[in-house]
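Please keep the sequence and the model to hand while going through the points.

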Amino acid sequence: MPRTIIVEGKTTNEALEKGLKELNVSKNMVEYKQIEDANKRSFYSILAPRVVKLEITVKDENIQEVHKEKRKKIMEEDELKKAEEKIQNFLKSFLPEDIKFETKIENTEILVNLDGEEISYLIGYRGETINALQNILSVITNNEQNLKAKVFLDVSGYKEKRIKTLENLAEKMAKTVIRTRKPITLEPMTAYERKIIHTALQNNDKIKTFSKGEEPHRRLVISLK
């Protein structure tokens, strides 16, 4: 990895952010200075777009740490690929031939999608089967591995539809609470589904949400602040 690079941007911040991303370091790990353009005083340069050029140097004491972080990232990517292969091998042996699957690594998550005709039995009542299968994939993936890969399983776009349903429910229940001034306790949900509703209402300055009860019967409450 180069210790010093030169980057350009429309502003100092833009150039700096570009350089930090290229070096894969934080701001406190570098020193930087603006490089003066030799043509800066030219009359014709007034017509050209403004360009800020920075020289960014990784501090000596951070060189070893940067290499360590880079090696760690490479190891994590390698472990994620191995985890993805384990999921693929399991699904090949577990699923019938008429069900297709695809996997994708996104950041630190492994996204898995199943698709096919008459596949609703893999979803189950309010997603119980899909959540159980996701847990199985997580156990298989992280077994005997130091990296804790997060697995996100979807079946024919069910979870995306469920998210929209819960967000609509959250807005509807919030309006009812504001109108009646009485709290509403929803039916038992998984932690994942309760989080969707919490998130949907977190910016509502009139409403607060909290959970009560024990799993698997834990419920979410929507009430006035």
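1. Glu8 and Lys53 join their side chains in a salt bridge, at 3.7 Å from N to O; the term denotes a side-chain nitrogen of Lys or Arg within 4 Å of a carboxyl oxygen of Asp or Glu. Glu8 belongs to strand S1 (residues 4–9) and Lys53 to strand S3 (residues 52–58), so the pair ties together parts that are 45 residues apart in sequence. Helices (H or I, at least four residues) and strands (E, at least two) are DSSP runs numbered from the N terminus. Glu8 is partly exposed, with a relative accessible area of 39%, and Lys53 is likewise partly exposed, at 32%. On this scale buried means under 20% relative accessible area, exposed over 50%, and partly exposed in between (1.4 Å probe, protein chains only).

2. On provenance, this is a predicted model, in which local features need pLDDT of at least 70 and side-chain atom pairs count only at pLDDT 80 or more, while totals for chains, interfaces and linings use all residues. Residues are numbered from 1 along each chain as its sequence is written, and side-chain values use heavy atoms, with hydrogens and water left out.

3. A search of the whole structure finds seven salt bridges. One of them links Lys82 and Asp78, whose closest N and O atoms are 3.6 Å apart. Lys82 and Asp78 are four residues apart in helix H2, and are therefore separated by about one helical turn. Lys82 is partly exposed, at 42% relative accessible area, and Asp78 is also partly exposed, at 38%.

4. Lys150 and Glu109 form another salt bridge, with 3.9 Å from N to O. Because Lys150 lies in strand S6 (residues 150–155) and Glu109 in strand S5 (residues 109–115), the pair ties together parts that are 41 residues apart in sequence. Lys150 is exposed, with a relative accessible area of 52%, whereas Glu109 is partly exposed, at 25%. In general, side chains of opposite charge can pair when their charged atoms come close.

5. The whole structure holds two aromatic pairs. In one of them, Phe90 and Phe94 are stacked, at 5.2 Å centre to centre and with 15° between the planes. Rings of Phe, Tyr and Trp (its six-membered ring) pair if their centres lie within 6.5 Å; planes under 30 degrees apart count as stacked, over 60 as edge-to-face and the rest as tilted. Both residues are in helix H2 (residues 63–94), four residues apart, and so about one helical turn separates Phe90 from Phe94. Phe94 is partly exposed, at 44% relative accessible area.

6. Which rings have Lys159 over them? Lys159 lies over the face of Phe152, at 4.7 Å from the ring centre, and the charged end of Lys159 also sits over the ring of Tyr192, 5.3 Å from its centre. The criterion is NZ of Lys or CZ of Arg within 6 Å of the ring centre and within 35 degrees of the ring normal.

7. An open sheet of three strands has the order S7-S9-S8, with antiparallel pairing; two strands pair if DSSP finds at least two bridges between them. The edge strands, each pairing on one side only, are S7 (184–185) and S8 (207–212). S8 and strand S9 (residues 219–224) pair in the antiparallel sense over six bridges, and Lys208 stands opposite Ser223 in S9.
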